[in-house]
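Please read them with the structure open.

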Amino acid sequence: MSAFPTIRSVESFIISIPREVPYLGPLGPGERINERGYLVRQGNRAIYPSTDMSVLIKVTAEDGTVGWGETYGIIAPDAVTSIIDDVLGPVVTGRDPRDPVVIQEDLYDLMRVRGFFGGFYVDAIAGLDIALWDLFGKLVGQPVVKLLGGQRRERIPCYVSGVPGATMEGRVETARRFAAQGFDAFKFHSAVSFDGIVEEMRALREGLGPQARIAVDLHWKFSAQEAIQLADRLMPFNPWFIEAPCQPEDIEGQAHVGASIRVPLALGEEWRTVYEYRPRMERRSMSIVQPEMGHIGLSQFMQIGRMANAFHMQVIPHASIGLGVFQAASLHAAAALPNCAMHEYQHSIFDRNLKYVKTTMRCEAAHFVLPEGPGLGIEPARDVFQFVRRKVRA
Ligand code: MG
């Protein structure tokens, strides 16, 4: 028997695709794009890119087969590519691509005792992990979902994330346009609720009718008690869930909100490993978890998803700025889990970036259709490499 191909090389690319309107919608009062192309949203004091930026990872096996991964590179992407090029890539060279979970655990261990439990380090591991799963699938001729324990579905219902518009009327109009296409679930982003959160919920409820599911992302803006008070004020409009009410570190605050409100709480987009999920799960802080594939990778995602299932929590994966590769990985995971009935749909990113990838993945009739083919079923198209940004080198 000939030896199974091992990993020959790992490469990383920073992709930056220009966009006319920034993610989350037009600039608000006091917001501007700085000389590095970033803007600070006044509503949640977080920094965002004005382009669609992410990091692609290419893993090549000895026989020439290529696996693609992607991770967050929305801010300071050179931090992620440095970790991949300098640390992770050389360590995985020569390894067996059929061992993605083992490799993910080994890479996490490299910096664990130095306190690197998240951030750019785990983002870098996530992107490489996704590439290894893609390579594994291609080498054995199977879709990744079949390697994750089995496939439950081919289409995953999705909700409209963000209803951008310069005015309240414009935002309601955006939502109604999606409703006319068959969407019945929506989430608005309070960072850009320039006319007030309760007012936006009221306007959307009136505009979409009693059947629509309407969630709100609170973008970590409130103390626990403020969030509880706000949830009370939203109750007359029958919210679907509320997301991220308190600051990310406030574990007890999250639990207090979860125990006090009468609407499902959704948390988790910024957590990267089971170790961050576990204390929140033990406290029963939330009933919906929102793992972000671009931050955690497939190996961690499946552990988190199955642990959530043990706690009777739903998984509604987060989706954000990316080319579509980590989104495809998220759909494979979603299709394998018993407790994942829905996925976030970032319409302002997903559809516009589809032209830069080769895939059958699409959003159709308010559902994501899982990509076909071995591996993840998605590859960057040649066109995307016109948007490669040069890495910063000393
Ligand atoms: Mg969010």
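This is a predicted model: local features need pLDDT of at least 70, side-chain atom pairs count only at pLDDT 80 or more; totals for chains, interfaces and linings use all residues.

1. Asn238 belongs to the loop between helix H7 (224–234) and strand S9.

2. Which residues supply the protein donors of the magnesium ion? They are Asp217 (OD), Glu243 (OE) and Glu269 (OE), at 1.9 to 2.1 Å from the ion. Asp217 is part of strand S8 (residues 213–217) and Glu243 is part of strand S9 (residues 242–243), so this pair ties together parts that lie 26 residues apart in sequence. Written as a pattern, the spacing of the donor residues is D-x25-E-x25-E. Both Asp217 and Glu243 are buried.

3. Phe183 is found in the loop between helix H5 (168–180) and strand S7 (185–189). Is Phe183 buried or exposed? Its relative accessibility is 6%, and because buried means under 20%, Phe183 counts as buried. Leaving aside residues up to four places away in sequence, Phe183 touches Cys158, Val160, Phe178, Tyr345, Cys363 and Ala366.

4. A straight helix of 18 residues would span 26 Å at 1.5 Å a residue, whereas the end C-alpha atoms of H10 are only 20 Å apart. Where does H10 bend? The bend is at Ser299 and amounts to about 80°.

5. The surroundings and ends of H10 can be checked next. Of its 18 residues, 13 are buried, so H10 is largely enclosed by the rest of the structure. At the start of H10, the backbone nitrogen of Gly294 has a side-chain oxygen of Glu292 within 2.6 Å. After H10 comes His312, with a positive phi near 60°.

6. Strand S2 (residues 38–41) and strand S3 (residues 46–49) run antiparallel and are joined by 4 bridges. Leu39 has Tyr48 in S3 as its bridge partner. The hairpin of S2 and S3 has 4 residues between the strands, and Arg45 in this hairpin has a positive phi near 60°.

7. An open sheet is formed by 4 strands in the order S5-S4-S1-S18, with antiparallel pairing. Strand S5 (66–72) and strand S18 (388–389) are at the edges with a single partner strand each, so one side of each has no neighbour in the sheet. Strand S1 (residues 7–18) pairs with S18 over 2 bridges in the antiparallel sense. Which residue in S18 is the bridge partner of Ile15? That partner is Val388.

Methods. Residues are numbered from 1 along each chain as its sequence is written. Side-chain values use heavy atoms; hydrogens and water are left out. Donors are N, O and S atoms within 2.8 Å of the metal (3.2 Å for Na, K and Ca); water is not among the atoms, so sites may look incomplete. Buried means under 20% relative accessible area, exposed over 50%, partly exposed in between (1.4 Å probe, protein chains only). Contact means heavy atoms within 4.5 Å. The expected span of a helix is 1.5 Å times one less than its number of residues. The bend at a residue is the angle between axes fitted to the seven residues ending there and the seven starting there. A polar contact is a pair of N or O atoms within 3.5 Å; within protein, one must be able to donate a hydrogen and the other to accept it, and residues adjacent in sequence count only if both atoms are side-chain atoms. Two strands pair if DSSP finds at least two bridges between them.
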